[in-house]
2 protein chains.
Amino acid sequence: MPGEAVLVPDFLAPEGLADCVRYRSGELPDEATCSTVGFFVPDYIDAPNPEWMPELANLEVVQLPTVGFDSALPYLPVGVTLCNAAGVHEQSTAELAVGSIIARWRGIDRAARDMATGRWDHRRGRSLQEATAVIVGAGGVGTRIATALAAFGCRPRLVGRTARDGVLGAAQLPTVLPEADIVVLAVPLTPDTERMVDREFLSMLRDGALLVNVARGSVIVTEDLLAEIPRIEAVLDVVDPEPLPPGHPLWSAPGVLITPHIGGDTDAFPRLARELIGAQVQRWRRGEPLRNIVRAP
Amino acid sequence: MPGEAVLVPDFLAPEGLADCVRYRSGELPDEATCSTVGFFVPDYIDAPNPEWMPELANLEVVQLPTVGFDSALPYLPVGVTLCNAAGVHEQSTAELAVGSIIARWRGIDRAARDMATGRWDHRRGRSLQEATAVIVGAGGVGTRIATALAAFGCRPRLVGRTARDGVLGAAQLPTVLPEADIVVLAVPLTPDTERMVDREFLSMLRDGALLVNVARGSVIVTEDLLAEIPRIEAVLDVVDPEPLPPGHPLWSAPGVLITPHIGGDTDAFPRLARELIGAQVQRWRRGEPLRNIVRAP
């Protein structure tokens, strides 16, 4: 018999869902409670706990608070449905991607550092107007980034696995990459995309191109990227290894801006995540089809 | 008899306008050449030269490469038409404003500084989604900023001198300022706007509000702003005094991000400015009405 309880991180418990079992980061409930759980929401970036899944004997549904689901797959028990948080992070991630691109092209990062010594160093920046951006990954995040860049007069070109209306296929990459001023990585981490951005991929980028990673760190082969810097620049919200250890050469690579995997993490996240979780629990309890299924049992 | 020559900074000389007199920063041509000049384009931010105007005895038109024209007015000879560069800087300035807001709300500035020590410090940021932005100044720059913010799900409210369709009047500021998560200053510097953002103005902002200045430094009373920090945060592309001297308390004020007056200065600027100058010279030579007139003779 599947469990009926909902196990959810304290800060993501939906309002109006009084009967869920809330947990704090890292604190697995006792075995008796675990056996009642049918719907599990793993914790967020700071305290991922996919290893709890096999502890929940009567689990039916895992609702991730993230869009990426790569790290959950190895722990997903047979017969359990996996849902991601599509719709929750896209806008925040698009904001970070566009903000980071502007920060790098306008030298906001350098200006922030110059404040420590009171240095007023006016330099001409690059504008998004008429720039060409190739966005690899035509899902929710990539599509939002394309829309936001277009609002600034940038020419976005979406690339998905296969060509469709408004989306180029991955086979077109060798054609479009050499035309890109900006290349944004917004793909899920899969065997196809892991280490996709290697020496060969990077060699297709023009001098001065800006590589943006808001996907997963291991989509890029870090040592191959380092070999191409400073011929190209990079804005990385995710890196490999992650967290990046002190002293790693990426920290001091010229023309590189690193943010600590904050893509989807804004004040909008808990609000939107609670709404999604509440709606999914309701569907589950009513026997209605779940949304955002990324692995059916 | 008005002069017929066009005096223009070397880097802004329009292609296809072979017969203009080009100058390098700070190098005023000899008196004989000066007397032939009817159309003068002053230099850009790094080397402003409004004091050349009275040296040009037969001047008819001054075409500024900037939107702001406050610094030109004291030197404008009687009978000379002053035009600004409306249309040239709006988009670049909107990019910087939005990029800087995102940089501050997501901690991109802090992340840039943390790179020096290899510190990976994940923190939750603020999203533009459902934030309220009051944009003071409903001209080209303010309107573009409003459009760009709206593309991210932000609620922009434009405030102009007088109310009109889609624009609130300045008299509404006491009503809208207390509702603002973001206040963007995009006004021209005039006797009305100079020192407009004083203790009283700032006291209307809610705790944690972000003040953004892409207008002119002296729109804000610097010491009044300092007195309100860190209750509010600020993103300043222009400051008073400017350039900000080393050791000034603004440099180290918490929650403040300063960029060195780079709002309109991107690679798009010379291209768009050359187009504008070429078109204006053509109109002037054909006796057609000029565009962007900010002071008629």
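Colleague: Why is B:Asn292 called partly exposed?

Modeller: B:Asn292 has 17 other C-beta atoms within 10 Å. A residue is buried if 20 or more other C-beta atoms lie within 10 Å of its own, exposed if 12 or fewer, and partly exposed in between, with C-beta atoms placed from the backbone. The count of 17 therefore places B:Asn292 in the partly exposed class. Please note that this is a predicted model, in which local features need pLDDT of at least 70 and side-chain atom pairs count only at pLDDT 80 or more, while totals for chains, interfaces and linings use all residues. Residues are numbered from 1 along each chain as its sequence is written, and chains are lettered from A and ligands numbered from 1 in the order in which they are written.

Colleague: How do you know whether B:His261 is buried or exposed?

Modeller: There are 22 other C-beta atoms within 10 Å of B:His261, so this residue is buried. B:His261 also has a positive phi, near 50°, and sits in the loop between E12 and helix H8 (268-286) of chain B.

Colleague: Which peptide bonds are cis, and what are their omega values?

Modeller: One of them joins A:Glu242 and A:Pro243, with omega about -10°. Another runs from B:Asp240 to B:Pro241, with omega near 10°. A:Pro243 is placed in the loop between E11 and E12 of chain A, and B:Pro241 in the loop between E11 and E12 of chain B.

Colleague: Why are H2(B) and H4(B) called oblique?

Modeller: Helix H2 (residues 90-106) and helix H4 (residues 140-150) of chain B pack at an angle of about 50°, with their axes 8 Å apart. Axes are lines fitted to C-alpha atoms, for helices over the stretch in contact, and angles run from 0 to 180 degrees between N-to-C directions. Angles under 35 degrees count as roughly parallel, over 145 as roughly antiparallel, 65 to 115 as roughly perpendicular and the rest as oblique. An angle of about 50° belongs to the rest, which makes H2(B) oblique to H4(B).

Colleague: Which residues of H2(B) and H4(B) meet?

Modeller: Residues are in contact if their C-beta atoms, placed from the backbone, lie within 7 Å. Among those that meet are B:Ala94, B:Ala97 and B:Val98 in H2(B) and B:Ile145, B:Ala148 and B:Leu149 in H4(B).

Colleague: What makes H4(B) largely enclosed?

Modeller: In H4(B), 8 of the 11 residues are buried, so the helix is largely enclosed by the rest of the structure. The buried residues include B:Val141, B:Ile145 and B:Leu149. Their cover includes H2, E6, E7 and E9 of chain B. H4(B) lies across strand E6 (132-136), E7 and E9 of chain B, at about 170° to E7(B).

Colleague: Why are E8 and E12 of chain B described as standing at the edges?

Modeller: The open sheet of chain B has 7 strands in the order E8-E7-E6-E9-E10-E11-E12, with parallel pairing. Strand E8 (168-169) and strand E12 (256-258) of chain B each have a single partner strand, so one side of each is left without a neighbour in the sheet. Two strands pair if DSSP finds at least two bridges between them. Strand E7 (residues 155-160) and E8 of chain B are joined by 2 bridges, and B:Gly160 has B:Gly169 as its partner.

Colleague: How do you know that E6(A) is largely enclosed?

Modeller: Of the 5 residues of strand E6 (residues 132-136) of chain A, 4 are buried, so the strand is largely enclosed by the rest of the structure. E6(A) runs parallel to strand E7 (residues 155-160) of chain A, with 5 bridges between them. The chain passes from E6(A) through helix H4 (residues 140-150) of chain A to E7(A) in a right-handed β-α-β crossover. Right-handed here means that, with the strands pointing away from the viewer, the path from the first strand over the helix to the second runs clockwise. E6(A) also pairs in the parallel sense with strand E9 (residues 182-185) of chain A over 4 bridges, where A:Val134 stands opposite A:Val183.

Colleague: How many residues does each chain bring to the contact between chains A and B?

Modeller: Chain A brings 49 residues and chain B 50 residues. On the chain A side, H2(A) gives the largest share, 10 residues.

Technical notes. Two residues are in contact if their C-beta atoms, placed from the backbone, lie within 7 Å.
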